Amino acid sequence: MEHLLETIGRNMFAIFGVMALCGAAFMVAAKSAVHSVLGFLFTMLCVSGCFLALDAEFIGMAQILVYAGGIVVLFLFVVMLVELSKFKEKGVFQLQSRYAVVAVLVGAAAFVAAFKNVIFGASSPEALILRPELAKGLDVAQQNAQAVSRGLFSDYLLPFEILSVILLVALVGAVVLAKTERV
Amino acid sequence: MPTMTLTQTLVMGLLQCVAVLILIFVMVPLLTFAERKVIGYIQVRLGATRTAGGLVGITGALNRGMWAMGKLPVLSILRGLPVFIADILKLILKEDIIPAKAERSVFTLAPIISVMAAFGVFSAIAFFPGVLFTFPAKFPIVGGLPFMGFISDVNVGVLYILGLSSVGVYGIVLGAWASNSKYPLLGGLRSAAQIISYEVPLTLSLLTPVVLAGSLNFKDLSIRLSTGADMHWLGAIPLFVGFLVYTTCGFAETNRTPFDLPEAETELVAGFHTEYSGMKFGFFYLAEYTNMIVVSCFASAFFLGGYYLLPFGLQRLIPASVPFLGQPSILFFFLKVFAILFLFLWVRATLPRYRYDQLMDVGWKWLIPLTLVNLFVAGLIRYAF
């Protein structure tokens, strides 16, 4: 019993990873768009499980909060409102599958080429590396959220703010596009 | 605390989950009974009275004696209590109908998602920050181990609870869509829009205590806020405003009056669960009441002082040396939970329903700016003192 639990605990990342892949496969293969969204939701929850298995609890929870709680709900909203069965009859989606397969293969190859050291290389000895003067009085392995916030609001403040400005630009752009289409 | 082996941790976790489930399954039926009675008395009715304790036995003799003297029996306030047993039996035994044109798999999945999201939240809620009792050594696996007042001590507990409760909206939206019927779909869309809108001020109002106390851990945050450690006494002002906003948003998140537009019976029959029957409907019902308990636990822990007696960080007025009032207690926590649950019932009996545009106005034009200003004030207090 003890041994079994220990093995499961050690392989938590792999378990969640495989589950996430299954969810993604279901999402691609599902006939109905709502089923696809459900598969996507499952994948997102499993990815957050992966983060938790790596002791990155803040990112794991942010994953659930942002993706599962926000973005996928909006997907579901759109999918529910748009009558997708009409598109299915016209075969709009089937036309693209050939190009989609090629795009996925190219993307996967590029991903493996870019991250092959990260995936197959030795893992980093520390979960998160923070400047020693920032990490003062903090148990980095246990207090993940605090460590992330100290890094984010001191060393990485400018990139963080620029990222939020980029998101704002996207938001304003979306509003402008939606407005012009309606008038 | 002795270090536990993995098996012991697992068994202990399961025992705590069972304890929490028992708590939920006791509180929810009692809450429905309280709802009948409280709303009844507020509206000058008697509420549920038809099932009594019986006219035989000791209580029966008492009842008959009182009745003979021309007085209302003592136990009349508890009359109607057995109704919830009938309620549960009805829900379990009723025929479970799935409409012919419904999407079967999603239709079944929706109530499960609702209930799982509602129950899963309890794994990060701390009912008491320490040991409730210790198992005697004669128990097989868990002998000598402490039974804590919380299932797990999550460092980012607040985020976990917010995230998981935001997953709960899928149950409503999917159930509405899978019913393949007009009224449920309308109810589901309303519900999704409402919950997404009110999630913003809800999260922002919870940031006020987080900023003031500087922690995301449920139990840690609650203790810091109520004892007022590292917090200036002015912090009570943004906490109070945050409490008002949080409870308002909590009403909207749990689809309770005056924000119960998703199930507005005059317009939408019953909203998203129109097509549901039997225990599937029971699960939605259970999830709604469990969410009420969750909102109450949150408000109790972060705004009303949690395990300590006085709310809004005023506990420092009572020194810790005072025997009962100065110490943390699970009683204080549940006292506040019950008080807020009563508030839920009180508001339902008092206020009429909002119109849809009013609902959106309140959320976006009033609550969000108010919480932003409140958060700014909290940040100023934190920075200045």
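**Fold, contact and domains**

Analyst: In sequence order, the elements of chain B run α-α-α-α-β-β-α-α-α-α-α-α-α-α. Helices (H or I, at least four residues) and strands (E, at least two) are DSSP runs, numbered from the N terminus. This is a predicted model, in which local features need pLDDT of at least 70 and side-chain atom pairs count only at pLDDT 80 or more, while totals for chains, interfaces and linings use all residues. Residues are numbered from 1 along each chain as its sequence is written, and chains are lettered from A and ligands numbered from 1 in the order in which they are written.

User: What is the radius of gyration of chain B, and why is chain B as compact as a globular protein of that length?

Analyst: The radius of gyration is taken over C-alpha atoms, and the globule rule is 2.2 Å times the number of residues to the power 0.38. For 385 residues the rule gives 21 Å, and the value for chain B is close to this, so chain B is as compact as a globular protein of that length. The radius of gyration of chain B is 23 Å.

User: Which helix of chain A supplies the largest share of the side that touches chain B?

Analyst: Two residues are in contact if their C-beta atoms, placed from the backbone, lie within 7 Å. The contact takes 22 residues from chain A and 21 residues from chain B. Helix 1 (2-10), helix 3 (33-53), helix 4 (57-81) and helix 7 (144-152) of chain A each supply at least two residues of the chain A side. The largest share, 11 residues, comes from helix 4 of chain A.

User: Is B:Leu325 buried, partly exposed or exposed?

Analyst: B:Leu325 lies in the loop between helix 10 (278-302) and helix 11 (330-350) of chain B. A residue is buried if 20 or more other C-beta atoms, placed from the backbone, lie within 10 Å of its own, exposed if 12 or fewer, and partly exposed in between. With 13 other C-beta atoms within 10 Å, B:Leu325 is partly exposed.

User: What distance separates the centres of domain 1 and domain 2 of chain A?

Analyst: Domain bounds come from an automatic or database domain assignment, which for chain A gives domain 1 (1-82) and domain 2 (128-183). The contact between them takes four residues from domain 1 of chain A and four residues from domain 2 of chain A. Taken over C-alpha atoms, the centres of the two domains are separated by 22 Å.
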